[in-house]
Amino acid sequence: MDSCLRGPLGGAILESQRAEEALSLPTPSPAGAPRPAPASRMSVVEHVREMAAAGLHSNVRLLSGLLLTMSGNNPELFSPSQKYQLLVYHADSLFHDKEYRNAVSKYTMALQQKKALSKTSKVRPSTGNAAATPQSQCLPSEIEVKYKMAECYTMLKQDKDAIAILDGIPSRQRTPKINMMLANLYKKAGQERSSVTSYKEVLRQCPLALDAILGLLSLSVKGAEVASMTMNVIQSIPNLDWLSVWIKAYAFVHTGDNTRAINTICSLEKKSLLRDNVDLLGSLADLYFRAGDNKNSILKFEQAQMLDPYLIKGMDVYGYLLARDGRLEDVENLGCRLFNISDQHAEPWVVSGCHSFYSKRYSRALYLGAKAIQLNSNSVQALLLKGAALRNMGRVQEAIIHFREAIRLAPCRLDCYEGLIDCYLASNSIREAMVMANNVYKTLGANAQTLTLLATVCLEDPVTQEKAKTLLDKALTQRPDYIKAVVKKAELLTLHVNR
């Protein structure tokens, strides 16, 4: 045996063994027990892996950083597979610390190392080392590394890079969470066809993925088509008969049919098994708000937050409604409560911004709206708050940009169009306001709200004031209690008296 270890090759083998032993930490043994054989020892990389699995991220970061430096100074110290693992675990710890750019850098290095590992594994024969087998079996998934990179890019608001990295994963290897992220990114980028395809793939793999169902409905996929993708699971699992009604309800939501959406969700909410569901109550509150029924909207929001005192979703709209009603003390209390729950969501910033806006502190409202958008660029209420603040500060063109973005995100919400039309009227662009009001009337249908909005624009031009009277009469016939129509009718009568 000793003769086999003589010479240059034997010297290299001995040096390699010493390095491996130096980096192998023995597992503790009871007193008097024999020391385990070297093959049973855990390597330092395995210790790093165990700490990562245990969630000891700060410990992983320190140790893996030191080991990577050692590897840089002596490239032979770790095998390619060990170096790949160290890079991934180090990147994961950086991700946990929200150092996303640094994490992307390390994930990129890990993927490059993985390529080198693939090449070496084809050329290098097996050493017969038993300790290498578990390591090769426990290598972090390359697909998972790419997903983490995409998460980093989304946090850095580099959506194109996130799409590019996920697009590079072959379709057959994409997990449901990869398809879901891709679907959301495609949707945000306006690539609707690709988004629909990805959402459908999520549903194919997970037919009860309700957020994917909402994604498809928001992209104008018919409710019947979406329901057909879940039919097998509905029929095979007891107590899921409500799901087809749920899909129908949200299909109405996304087509802007507020009345039928309200009726359908009410029928679900009245069922004993789904009574007092916070999500359904929140949806009802939002629908009543869209329909202009602020009283019922506030009532449903109050019910929802009584059931869940930590509720954040929808509280921005609730705060806005309270502020419009002049209940500024309630708005202030709501904002404080939401900040105590989380300051990493847009809602508390919007609620605080509504308090500032209705206190006529427009600069502060602008700042708070911008902060909310920074946290969630898809927050419609934040865009409306910032747009309204800009408009009241005389920065109409900037306000128009924000209202247009709100319309893109929520094409069925009338208040987005109202904000834009107010900007056009403020800048004396009556023609643009009229075109927009007519489009809303045709798109969302002839209801009390759209009739009143069109009448509001018609009131600005003496030529069309008679038409405004007809529109307001129709609106009040449909809904005699609609406050905006009543106010505009009073304005119109005042104009006639003053002539």
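This is a predicted model: local features need pLDDT of at least 70, side-chain atom pairs count only at pLDDT 80 or more; totals for chains, interfaces and linings use all residues.
## Overall architecture and confidence

The chain contains 28 helices and two strands. Of its 499 residues, 45% are classed as buried. When contacts between residues at least 6 apart in sequence are considered, 50% of them join residues at least 24 apart.

The mean pLDDT of the chain is 88, and 88% of the residues reach 70 or more. In residues 1-39, however, the pLDDT is below 50, and this stretch makes 25 contacts in the model beyond near neighbours in sequence. The pLDDT is also below 50 over residues 123-136, a stretch with nine contacts beyond near neighbours in sequence.

## Cysteines

The model has zero disulfides. Cys-152 has a relative accessibility of 0% and is buried, whereas Cys-206 is partly exposed, with a relative accessible area of 31%.

## The pair H7 and H8

Helix H7 spans residues 142-155 and helix H8 spans residues 159-167; the two pack with their axes 7 Å apart and at an angle of about 170°. Because angles over 145 degrees count as roughly antiparallel, H7 and H8 are assigned to that class.

On the H7 side, the contact is formed by Lys-146, Tyr-147, Met-149, Ala-150, Tyr-153 and Thr-154. Their counterparts in H8 are Asp-159, Asp-161, Ala-162, Ile-165 and Leu-166. By residue type, this contact comprises seven nonpolar, one polar and three charged residues.

## Helix H11 and its surroundings

Helix H11 covers residues 210-218, and its buried residues are Ala-212, Ile-213, Gly-215, Leu-216 and Leu-217. These buried residues pack against four helices: H9 (176-188), H10 (192-205), H12 (223-228) and H14 (242-254). Just after H11, Ser-220 adopts a positive phi of about 70°.

Helix H10, one of the packing partners of H11, contains Ser-198. This serine has a relative accessible area of 5%, and is therefore buried. Apart from neighbours within four places in sequence, Ser-198 is in contact with Asn-179, Leu-182, Ala-183 and Tyr-186.

Helix H18 (residues 315-324) is largely enclosed by the rest of the structure, because nine of its ten residues are buried. The buried residues are Met-315, Asp-316, Val-317, Tyr-318, Gly-319, Tyr-320, Leu-321, Leu-322 and Ala-323. Their cover includes helix H16 (278-290), helix H17 (294-307), helix H19 (328-341), helix H20 (346-358) and helix H22 (380-392). Just after H18, Gly-326 takes a positive phi of about 80°.

Helix H17, which is among the helices covering H18, holds Ile-298. The relative accessible area of Ile-298 is 7%, so this residue is buried. Not counting residues up to four places away in sequence, Ile-298 touches Tyr-318, Leu-321, Asp-325 and Arg-327. Between Ile-298 and Gly-319, the separation is 21 residues in sequence and 9.3 Å from C-alpha to C-alpha.

## Positive phi in two loops

Two residues other than glycine have positive phi values and are located in loops between helices. Lys-98 has phi near 65° and is found in the loop between helix H4 (80-96) and helix H5 (100-123). Asn-428 has phi near 60° and is found in the loop between helix H24 (414-426) and helix H25 (430-444). Lys-98 is exposed at 58% relative accessibility, and Asn-428 is exposed with a relative accessible area of 66%.

## Accessibility of the residues discussed

The table collects the relative accessible areas of the individual residues described above.

| Residue | Relative accessible area | Class |
|---|---|---|
| Cys-152 | 0% | buried |
| Ser-198 | 5% | buried |
| Ile-298 | 7% | buried |
| Cys-206 | 31% | partly exposed |
| Lys-98 | 58% | exposed |
| Asn-428 | 66% | exposed |

Conventions. Residues are numbered from 1 along each chain as its sequence is written. Side-chain values use heavy atoms; hydrogens and water are left out. A disulfide is a pair of cysteine sulfur atoms within 2.5 Å. Buried means under 20% relative accessible area, exposed over 50%, partly exposed in between (1.4 Å probe, protein chains only). pLDDT is the predictor's confidence in each residue, from 0 to 100. Contact means heavy atoms within 4.5 Å. Axes are lines fitted to C-alpha atoms, for helices over the stretch in contact, and angles run from 0 to 180 degrees between N-to-C directions. Angles under 35 degrees count as roughly parallel, over 145 as roughly antiparallel, 65 to 115 as roughly perpendicular and the rest as oblique. Ala, Val, Leu, Ile, Met, Phe, Trp, Tyr, Cys and Pro count as nonpolar, Asp, Glu, Lys and Arg as charged, and the others, Gly among them, as polar.
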